[in-house]
Amino acid sequence: MSVPQAKALGVTLPDPDLVWNAERQAHDFGEPDWSEFMQVVKGNGPCSAQRLARRRQAHEDGAWVREAATAFARTQQAASRG
C-alpha cells in the first residue's frame, strides 16, 4: 500500500530489492536490517534524541494544565464536602 503513495509523493523507498511482482499483483521487497530495527526500537535511532527532547518539552509545557486540573479537582472535592 505504501509504494503507490510514495510514488505519488515523489519519495523513493530505500529498498533496492523492491519490485513489482505481476504474478502476485503485489510488491516484493528485501529483508529488513533487523539489527538496525532493534537499535531503533531500543531508542538508538537517528531521531531518538530529538523525539525525546520534544516529548520532554511538551510535558513541561503542559504542566500548567495538569496543575490547573488538580486545583480544580481539589476545589470540587472541597465544595462537595461542604
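Modeller: Q25 sits in the loop between β1 (19–21) and β2 (26–28); strands (E, at least two residues) and helices (H or I, at least four) are DSSP runs, numbered from the N terminus. This is a predicted model, in which local features need pLDDT of at least 70, side-chain atom pairs count only at pLDDT 80 or more, and totals for chains, interfaces and linings use all residues. Residues are numbered from 1 along each chain as its sequence is written, and side-chain values use heavy atoms, with hydrogens and water left out.

Biologist: Is Q25 buried or exposed?

Modeller: Buried means under 20% relative accessible area, exposed over 50%, and partly exposed in between (1.4 Å probe, protein chains only). Q25 has a relative accessible area of 55%, and therefore counts as exposed.

Biologist: What is the phi of Q25?

Modeller: Q25 is not a glycine, yet its phi is positive. The value is about 55°.

Biologist: Why does M38 count as partly exposed?

Modeller: M38 belongs to helix α2 (residues 34–41). M38 falls in the partly exposed class because its relative accessible area is 38%.

Biologist: Where is L13, and how far is L13 from P32 in space, C-alpha to C-alpha?

Modeller: L13 is in the loop between α1 (2–9) and β1, and is partly exposed at 37% relative accessibility. L13 and P32 are 19 residues apart in sequence. In space, C-alpha to C-alpha, they are separated by 12 Å.
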